[in-house]
Amino acid sequence: MQNLAEILARAVPNGYYVGGIVRNSLLKRPSGDIDIALPVADLRMAVRTLAKNLHAASFEMDAELNVWRLVTREDNIQIDLTAYQGPDLAADLRRRDFTFNSLAYPVSAQPQLTVTPRAHDTAQITLKRLRRAKIVDEMNGLSDLKAKVIRVNGPGQFIDDPLRMLRAFRCAAELKFTIDPATLDQIKQHCRLISQAAGERVHEELDRLFAVPNVTYDFLQQMDGCGLLTALFPRLEDQRGCAEIYYGPGGVFKHTLLVCKRMDYLLEHLEKAFPPYADKLRQFTHNKPLYKMTALLHDIAKPATAKEKKGRLRFFYHEQVGAKMAAKILEHLHYSRADIRLMYVMIAEHLRPSNLASNAITDRGIYHFYRDLGAAAIPLLLLCWTDYTSYVTDDQLKRILPKSGQRMMTIAQAERFGNLGKTLRHLQLLHFMLGQYFDKPATVKPVQIISGLDVMQRLHLKPGPVVGAVLEAVAEAQVEGKIKTRQDALAFIQTLNVPALTK
């Protein structure tokens, strides 16, 4: 938008650019909005003037804190105007979360303002040609910005807003910064307060953290080191001492973090894990944070279901119990119903491919897998890859990956190589399953060659469940190669014991 900086300077002469727009601009990163702080006496007039001059929609975001938002209709630029929280700008900056967010720049100085419109999203904005002498730095934020350090402003910041603890890790991930040790100590002291944060705000921060590639494992470990991770998800604490005889020190919790690590790797290296199908798989992996959250929760019920039977530790039905536990957690975090349904199925059925690998694999079994799981089938196979590969070291994974696309070993062949052989056979199964889906779709979803009307007319049936059961029997026969044509199907249904199909 032309002359936006000038329009803002005329409408908000006493205002200051604050927060993320200043920090990110100094880091040469764009921001999704413009934050301006100004005296409360100037707020209403500034909103009216900007709404008129920018042809923007305006609405009050928070009446108590005097926050207004404007969104331009032409370029979808988002501008938030907020009255000083305190008597003046200095007080407002001191009450902010971190030192690098306590920087301000006068709107009247008219820095160069670059706007990059984005389809279906707010525009990206950057302030340029900022003059050092004009920057208001109340908390030594410039020094911390240069040192790439996240430092909390004061001892009460996490008490005032516990979500700031999680935000520290999210900012560190996005900006590739480190968190000041004293700030980590404060997080450790106040970590239990995170339960007071609104679920939807926690969800947003976690999504942004999980959206950063190749850092999930490290930041989950850091969060755990100061108690924040298990304060967010208390059920994870139960995993720590569970099944150490099986997983080693750290128990199920160690395994969970390793699955998250493998998920991070897989999402960024599909071409290494599944060379023939990497491009096709990317259409399933747009929502990377969802996969990482599923990995984090996939074994949430193992401690609750752990039982020793005949000298062996077992986790009976942990996948189904875990899916219910996870659904409650996700509901609290305000995930969409569609996302909860997908993650529920992924967790509830994540043992199913390994059960297939434990037996002779049939066309009917593969058909049933894809039929039963529907949209969750491919995401589930990706989750299983991360689960299986968590049992081998990085070096072992590099050794077996080139072989994972080869013909599947028999169970006996796999047993000769112990745990590594078992993992390789499972990975070969996943390749085989994906091959069926992408290369032989008729074995996954056979084309319907007769209709329900055909069934009713030929077998003299009325509409009802039995008609669907007959069509399902036809589909299974197609998958197994028993029938290929419409005439085959019509002849086949007359051989069926129809009453037995619905029992």
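Q: In the hairpin of S4 and S5, which residue takes a positive phi?
A: Asn76 does, with a value near 60°, and the hairpin has five residues between its two strands. Strands here are DSSP runs of E of at least two residues, helices are runs of H or I of at least four, and both are numbered from the N terminus. Bear in mind that this is a predicted model, in which local features need pLDDT of at least 70 and side-chain atom pairs count only at pLDDT 80 or more, while totals for chains, interfaces and linings use all residues. Residues are numbered from 1 along each chain as its sequence is written, and side-chain values use heavy atoms, leaving out hydrogens and water.

Q: OK, and how many bridges hold S4 and S5 together?
A: Five, with the two strands in the antiparallel sense; strands are said to pair if DSSP finds at least two bridges between them. Arg69, for instance, has Asp80 in S5 as its bridge partner.

Q: What about S2 and S5, parallel or antiparallel?
A: S2 and S5 run parallel and are joined by five bridges, with Ile36 standing opposite Leu81 of S5.

Q: Is S5 buried or exposed?
A: Six of its six residues are buried, so S5 is largely enclosed by the rest of the structure; buried means under 20% relative accessible area, exposed means over 50%, and partly exposed is in between, using a 1.4 Å probe and protein chains only. Gln78, Asp80 and Thr82 point one way from the strand, Ile79, Leu81 and Ala83 point the other way, and all of them are buried.

Q: Which order do the strands take in that sheet?
A: Seven strands form an open sheet with mixed pairing, in the order S3-S4-S5-S2-S1-S6-S9. Strand S3 (56-62) and strand S9 (136-137) stand at the edges with a single partner strand each, so one side of each is left without a neighbour in the sheet.

Q: And how do S1 and S2 pair?
A: S1 (residues 16-18) and S2 (residues 34-38) pair in the antiparallel sense over two bridges, and Tyr17 has Ile36 in S2 as its bridge partner.

Q: Which strands does helix H1 lie across?
A: H1 (residues 4-11) lies across S1, S2 and S5 (78-83), and runs at about 20° to S2. Such angles run from 0 to 180 degrees between N-to-C directions, taken from axes that are lines fitted to C-alpha atoms, for helices over the stretch in contact, where contact means heavy atoms within 4.5 Å. Helix H3 (residues 40-53) also packs on the sheet, touching S2, S3, S4 (67-72) and S5, and its direction makes about 160° with that of S5.

Q: Switching to salt bridges, how many are there?
A: The count comes to 33, taking a salt bridge as a side-chain nitrogen of Lys or Arg within 4 Å of a carboxyl oxygen of Asp or Glu. One of them joins the side chains of Glu60 and Arg44 at 3.7 Å, N to O. Glu60 lies in strand S3 and Arg44 in helix H3, so the pair ties together parts that are 16 residues apart in sequence.

Q: How accessible is Glu60, and what about Arg44?
A: Glu60 counts as partly exposed at 34% relative accessibility, and Arg44 is partly exposed as well, with a relative accessible area of 46%.

Q: New topic: what span should helix H19 have?
A: H19 (residues 318-332) has 15 residues and should span 21 Å at 1.5 Å a residue, and its end C-alpha atoms are 21 Å apart, which agrees; the expected span is 1.5 Å times one less than the number of residues.

Q: What covers its buried residues?
A: The buried residues of H19 include His318, Glu319 and Gly322, and what covers them includes helices H12 (234-239), H17 (288-297), H18 (302-305) and H20 (337-348), along with strand S13 (312-315). Just after H19, His334 takes a positive phi of about 65°.
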